[in-house]
Amino acid sequence: MANANPPTRNPVGPTHFKLMRLIAIVLLALIVLVGLTVLVIWLTIKPKKLVYSIDDGSLHNYNLSNANHLNATYNFILRAYNPNKKVSIYYDKVGIDVLYDRETISRGTIDPFYQPKRNTTSFKLNLASHDVALLDLIAWNLKVERSLGRVELGVKLKARIRFKVGVWKSRHCHMKVSCAPIIVHFSSSSKGFQRTMCDVDFLF
Ligand SMILES: *[C@@H]1O[C@H](CO)[C@@H](O)[C@H](O)[C@H]1NC(C)=O
Ligand SMILES: *[C@@H]1O[C@H](CO)[C@@H](O)[C@H](O)[C@H]1NC(C)=O
Ligand SMILES: *[C@@H]1O[C@H](CO)[C@@H](O)[C@H](O)[C@H]1NC(C)=O
């Protein structure tokens, strides 16, 4: 009987095997090289988390109508700390939301800015609600909090930022900063504001 598969059609010939082994070794070497490069860059830059906090907050001109429309002004001090020794940050677009009970009651922006290495920058945020319609339940909760003399607010930042390391600048990425609960007192008598730390999330 003749062999149905002539030896030349055998895919795992000795030359094929050598070639595959060579490709495997080259691939493995590349993976190790890329891994080492990333590790060295990481160790050189030593990236640290950005730190945000609300250092002060107050509420003025509060007026909630019978139809549950809210007027108020809000003052916050937002502190942004960049602890990195080698990374600076371009804030190209920053939007701010003030939230009550997960409802946005005020919107604002921060002008674009550049934050150098190891820098702390504080922003005074002056925001307002002009005739903001609230859901009945949320307005009711707000009235309860008003009677207690303090309200729990939230501040959210959505920013488009770029990182700069040396002369290299990263692509844009999205950062979400969430500060809650911020306890704000109605009465002007300074009852001592509790500094609120914020959570930071990145979307690349
Ligand atoms: C709230 O607004 C209404 C209508 O604008 C006004 O009549 C009322 O005096 C205001 N209340 C306070 C406490 O400012
Ligand atoms: C809120 O302010 C607007 C003017 O900005 C006014 O027309 C409205 O009556 C005020 N509402 C309340 C509840 O004070
Ligand atoms: C942080 O950077 C800003 C902008 O360059 C600068 O105006 C400010 O003085 C710096 N703050 C500190 C504490 O170095």
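Is Arg-79 buried, partly exposed or exposed? Select Arg-79 to find out: its relative accessible area is 28%, so Arg-79 is partly exposed. Keep in mind during the tour that this is a predicted model.

**Stop 1: Asp-55 and Arg-79**

Asp-55, Arg-79 and Arg-195 are linked in a network of salt bridges. The structure holds 6 salt bridges.

**Stop 2: Arg-150 and two glutamates**

Select Arg-150 together with Glu-145 and Glu-152. The side chain of Glu-145 meets that of Arg-150 in a salt bridge, at 2.7 Å from N to O. Arg-150 also forms a salt bridge with Glu-152, where the closest N and O atoms are 3.9 Å apart. Check the accessibility of each residue in turn. Glu-145 has a relative accessible area of 13%, so Glu-145 is buried. Arg-150, at 25% relative accessibility, counts as partly exposed. Glu-152 also counts as partly exposed, with a relative accessibility of 34%.

**Stop 3: Ligand 2**

Go to ligand 2 and show the side chains around it. Which residues surround ligand 2? They are Asn-63, Ser-65, His-69, Asn-71 and Asp-131. By class, this shell has 4 polar residues, 1 charged residue and no nonpolar ones. Draw two distances here. A polar side-chain atom of Asn-71 lies 2.2 Å from an oxygen atom of ligand 2. For Asn-63, a polar side-chain atom lies 3.3 Å from an oxygen atom of ligand 2. On its own, ligand 2 has 360 Å² of accessible area, and the protein covers 50% of that.

**Stop 4: Ligand 3**

The residues around ligand 3 are Tyr-114, Pro-116, Asn-119, Thr-120 and Thr-121. A side-chain N or O atom of Asn-119 is 2.4 Å from an oxygen atom of ligand 3. A polar backbone atom of Thr-120 is 3.5 Å from a nitrogen atom of ligand 3. Taken alone, ligand 3 exposes 360 Å², and the protein buries 34% of this area. The shell around ligand 3 has 2 nonpolar and 3 polar residues, with no charged residues. Which strand gives the most to this shell? Strand β6 (residues 119–133) does, with 3 residues.

**Stop 5: Along strand β6**

Stay on strand β6 and select Ser-122, which lies in that strand. Ser-122 has a relative accessibility of 47% and so counts as partly exposed. Leaving aside residues up to four places away in sequence, Ser-122 touches Ile-77, Leu-78 and Arg-79.

Is Phe-123 buried or exposed? With a relative accessibility of 15%, Phe-123 counts as buried. Apart from residues up to four places away in sequence, Phe-123 touches Phe-76, Ile-77, Leu-78, Ala-80, Ile-110 and Phe-113.

**Stop 6: Ser-106**

Finish at Ser-106, which is in strand β4 (residues 103–110). Ser-106 has a relative accessible area of 4% and is therefore buried. What does the side chain of Ser-106 reach? It reaches the backbone oxygen of Ala-128, at 2.7 Å. To see the surroundings, select the residues that Ser-106 touches beyond four places in sequence: Tyr-74, Ile-96, Asp-97, Val-98, Leu-127, Ala-128 and Ser-129.

Notes: Residues numbered from 1 in each chain as written. Chains lettered and ligands numbered in written order. Predicted model: local features only at pLDDT ≥ 70, side-chain atom pairs only at ≥ 80, totals over all residues. Heavy atoms only, no water. Near = heavy atom within 4 Å. Polar contact = N/O pair within 3.5 Å; in protein donor to acceptor, adjacent residues only side chain to side chain. Areas by Shrake-Rupley, 256 points an atom, 1.4 Å probe, with all protein chains shown as cover. Nonpolar A, V, L, I, M, F, W, Y, C, P; charged D, E, K, R; others polar. Salt bridge = Lys/Arg side-chain N within 4 Å of Asp/Glu carboxyl O. Buried < 20%, exposed > 50% of the residue type's maximum accessible area, 1.4 Å probe, protein only. Helix = DSSP H or I, 4+ residues; strand = E, 2+ residues; numbered from the N terminus. Contact = heavy atoms within 4.5 Å.
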